[in-house]
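Colleague: Please put the model up, and then I will ask about a helix contact, a pocket and an aromatic pair.

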Amino acid sequence: MFIPGTTFEVLDDTRPDDASLPAFMVSTTRGFLPRMDPIVTLPREFDVVEDLLQNMPVSTQSGRPGFLATGQLGGEVEKLPDLTAEIEKYRDNLPLMNALYRDYSFLASAYLLEPCHMRFMKGEPYGLGRSVLPAQLSRPIARCAELTGFKPFMEYAGSYALFNYKLQDPEKGLEYDNLRLIRAFEHGLDHSSSEAGFVLVHVDMVKNSGPIVAGVMSALSALANQNDADSIVRRKKFNDGLRTVLGAIQKVNNVMETMWGKSKPRSYTSFRTFIFGITSQSMFPDGVVYEGVNGDKPMSFRGESGANDSMIPLMDNLLQIQMPSTPLTEILQDFREYRPSNHRQFLVEVKQQAEDLSVKDFALGINSLHAMKSDEEKELLLESRRLWIKLLDQVRDFRWRHWCFAREYILKQTSHPTATGGSPIVTWLPNQLQAVMEEMVEIYGTVEGQSGPTDLGEQCRDIMDLVNRQHETLRKEVEKYCQERGITVRG
């Protein structure tokens, strides 16, 4: 199917055996997960890479210490041959290119950040990472990134998380207990470890994204097909689409809550060292030179971050949530470049169609209620408004929990001022969270949802009471951490 008014195809059949298509293409079935389960084993030509990756983690599959436990990875990388020519043999197999991109990105991040990890484990500051990525890593990752549409550095979807799981038993599918990591830095090859939990909870969340995509497509289609239905039928179809999205995003949030039990806050900072980026990080003040790439001029890329996931940006675009014009929002916009190219284009098209079809205006019907002739029409509009508020509330819930994670996993554990993606930890997430809550307050007031004939009911009142309390709580928490860390907040 196609997004209304565009030539962008959203897959129903993900064609998992078609190696000519990119691994990541948006679908109504697997959502933002790759079209197929990730490739686990590399071709024979890359046995030396496979061997190095298996012996790299702090704790290997056998339980014995790996190269990152002893600080020996750098020396082992020096022995690695440059296999860029071997990559060309498989260039038309895009899922395999994605697997190679994943594996070289793990090696690149581990190599660059190994010195920082060794200092951190001694209780010292991170210090400086390695400033030069040798050709046997730089050239292959640059080529794989070029062929797959990623940056030549570890990304959330393409390498660290969404293309980094395997099924213990193929018959059991994507059940959480059936998921295992393919690659890890620290103890992640142990399914019960915090590193494994951190990554696999993200996979478990995104497995619910298919219905989110399907619901968005249904809602947009209901508005695009104006000539195919009367106003009541259109409104019903639109509401059905929103209801599908709501059910799925509620599941995402429920899974997100399981992070607390599957990845412990005190364990996060040790494996977190390896997922830092280059941009805005003290470890790489002058960027990183990729030997044989970019004329040997330093380059800089953002690090892996769950903020690069596509589910909440999709909600932002469908719901037309207005973000403030701040440097923090500019970082949010920069993050858009660190997603699979198909995901990026999908988000752009949905944003444009939401604007062209006036989705928000239709959902809220600000000037429509009194003109409606039947009680059924009025009730359907009120239901659209309820669904809209509830969807915004799920976005708020997601971002509030993300803030709670940042507080407990990072702010209470380390004084390092930037997140893995290079955003300021104390102020960046609140920038988006405050925007959602302000949007909710404005809409609820505009539609007069608290009482009278436009009353949206007890559930929405409870939601808005929570929003008002959280808004004040967030303000106090941000103020507290800014004072503790000597951060000046503008505005």
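The questions and answers below take these topics in turn.

Modeller: This is a predicted model in which local features need pLDDT of at least 70, side-chain atom pairs count only at pLDDT 80 or more, and totals for chains, interfaces and linings use all residues. Residues are numbered from 1 along each chain as its sequence is written, and side-chain values use heavy atoms, with hydrogens and water left out.

Colleague: At what angle do helix H12 and helix H17 pack?

Modeller: Helices are DSSP runs (H or I, at least four residues) numbered from the N terminus. Axes are lines fitted to C-alpha atoms over the stretch in contact, and angles run from 0 to 180 degrees between N-to-C directions. For H12 (residues 265-272) and H17 (residues 375-411) the axes are 8 Å apart and the angle is about 70 degrees.

Colleague: Which element gives the most to the lining of the second largest pocket?

Modeller: A pocket is an open set of points on a 1 Å grid over the protein atoms alone, where a 1.4 Å probe fits, with protein on both sides within 12 Å along at least five of seven lines; lining residues have an atom within 4 Å of a point. The lining here has 19 residues, with Pro313, Asp316, Asn317, Arg336 and Lys351 nearest the centre. Helices H13 (311-319), H14 (327-335) and H15 (341-356) each give two or more residues. The most, five residues, come from H15.

Colleague: What kind of aromatic pair do Tyr126 and Phe276 form?

Modeller: Rings of Phe, Tyr and Trp (its six-membered ring) pair if their centres lie within 6.5 Å; planes under 30 degrees apart count as stacked, over 60 as edge-to-face and the rest as tilted. With 5.4 Å centre to centre and 70 degrees between the planes, Tyr126 and Phe276 are edge-to-face.
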